[in-house]
Amino acid sequence: MVQALGRALSPACDVVGVVTDGREVADAAARLHPVVIVVDLNLPNVSGREVCRQMTQSDPRAKVIVISAMADDAIRAEVLAAGASGFFHKSAAHELVLAIGRIWTEST
C-alpha cells in the first residue's frame, strides 16, 4: 500500500519520507518538514489516530491526513476530532491526491 500511495502522490507532490511505525512519525516529521503528513489509521505501535493527535497538539498548524481500509463514519469523526485535516478510504487515492494538492497550495 505504501508503494502504491507513493506512486499515486509522486506526480502531484514530493514524497519526502516514508515510515512504517507510528513511533517514528514525529521524528521523521521534525527532520523532513513535510507540508502534509499522511498516516494509516492502523500503524504499528502508535495508531494513526494517536499520531494525528500528537502531531496537531505539538504543532496546531500540522496538516495530517489519516487513511484507512475502514470507511466508518465514527472513525472519521474520531480522527477529525483528533485534529486531522482529512480522512480517506485507501481506495480513494484520487481524492487523497486532490486534498494534498489543496493543502499544498494553501501552504505556499
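Two strands pair if DSSP finds at least two bridges between them. Keep that in mind, and look at Ser68. Ser68 stands opposite His89 in β3.

Some ground rules. This is a predicted model, where local features need pLDDT of at least 70 and side-chain atom pairs count only at pLDDT 80 or more, while totals for chains, interfaces and linings use all residues. Residues are numbered from 1 along each chain as its sequence is written, and side-chain values use heavy atoms, with hydrogens and water left out.

Now the elements. Helices are DSSP runs of H or I with at least four residues, strands are runs of E with at least two, and both are numbered from the N terminus. The protein has five helices and three strands. How do the elements run from the N terminus on? The order is α-α-β-α-β-α-β-α.

On to the sheet. The three strands form an open sheet in the order β1-β2-β3, and the pairing is parallel. β1 (37–40) and β3 (86–89) are the edge strands, so each pairs on one side only. From one strand to the next, the twist averages 25 degrees. For that angle, axes are lines fitted to C-alpha atoms, for helices over the stretch in contact, and angles run from 0 to 180 degrees between N-to-C directions. Look at β2 next, residues 64–68. β2 pairs with β3 in the parallel sense, over four bridges.

Next, the overall shape. The C-alpha trace spans about 30 × 30 × 25 Å along its principal axes.

Accessible areas come from the Shrake-Rupley method with a 1.4 Å probe; for residues, only the protein chains shown count as cover. The accessible surface is about 6,400 Å², and 52% of it belongs to carbon and sulfur atoms. Buried means under 20% relative accessible area, exposed means over 50%, and partly exposed lies in between (1.4 Å probe, protein chains only). Of the 108 residues, 36% count as buried.

Contacts, quickly. A contact means heavy atoms within 4.5 Å. Take the contacts with a separation of 6 or more: residues 24 or more positions apart account for 48% of them.

Last, salt bridges. Here a side-chain nitrogen of Lys or Arg lies within 4 Å of a carboxyl oxygen of Asp or Glu. How many does a search of the whole structure find? Five. Let me show you some.

Start with Lys90 and Asp40. Their side chains meet at 2.6 Å, N to O. This pair links distant parts of the chain, 50 residues apart: Lys90 is in the loop between β3 and α5 (93–107), and Asp40 is in strand β1. Lys90 is partly exposed at 25% relative accessibility. Asp40 is buried at 17%.

Now Arg23 and Asp21. Their closest N and O atoms are 3.1 Å apart. Buried or exposed? Arg23 is exposed, at 55% relative accessible area. Asp21 is buried, at 10%.

Finally, Glu50 and Arg53. Their salt bridge is 3.1 Å, N to O. Why are they separated by about one helical turn? Because they are three residues apart in helix α3, residues 48–58. Glu50 is partly exposed, at 29%. Arg53 is partly exposed, at 29%.
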